[in-house]
Amino acid sequence: MVLLLCFDLPRNTAKQRKQAAKYRKKLVELGFLMKQYSLYEREIRRYSTKDKLVEILQSELPDSGAITLYLLPDEINDSQVTILGEMARKTIRKPRLLFL
């Protein structure tokens, strides 16, 4: 399953920008990958993992922020279509095989 996280964090003041940057950093620490600027995703295997992530995300969220989470089954995620513009193609890296 994929946990898709959409968020809206105000960035009007220096304090709000700092909080937004801190929240994005926390998302990466939790294993999320940025899909778009306010859209992150993470693969999960258990509902208990989702529940733990929701608790952490809620506790780290700035007071004026809002998040929405979608749990997408593999069938939906595997059928997604991504369309890239000419400039975007140049920024895509070739797939790499990683051994852990």
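This is a predicted model: local features need pLDDT of at least 70, side-chain atom pairs count only at pLDDT 80 or more; totals for chains, interfaces and linings use all residues.

Residues are numbered from 1 along each chain as its sequence is written, and side-chain values use heavy atoms, with hydrogens and water left out.

Side chains of opposite charge can pair when their charged atoms come close. A salt bridge here is a side-chain nitrogen of Lys or Arg within 4 Å of a carboxyl oxygen of Asp or Glu. The count by this rule is three.

One of them joins Glu29 to Lys26, with the closest N and O atoms 3.9 Å apart. These two residues sit three places apart in helix H1 (residues 14-29), so about one helical turn separates them; helices are DSSP runs of H or I with at least four residues, strands are runs of E with at least two, and both are numbered from the N terminus. Glu29 is exposed, at 52% relative accessible area, and Lys26 is partly exposed at 24%. Buried means under 20%, exposed over 50%, and partly exposed in between (1.4 Å probe, protein chains only).

Arg45 and Glu43 form another salt bridge, at 3.9 Å from N to O, and both residues are exposed. Asp51 and Lys50 pair at 3.2 Å; Asp51 is partly exposed at 39%, as is Lys50 at 22%.

Glu41, in strand S3 (residues 39-43), is buried but has no salt bridge. Its nearest side chain of opposite charge, Lys35, is 4.1 Å away, where Lys and Arg count as positive, Asp and Glu as negative, and His and the chain ends are not counted. Leaving aside residues up to four places away in sequence, Glu41 touches residues including Val2, Leu4, Phe32, Lys35 and Asn77, a contact being heavy atoms within 4.5 Å.
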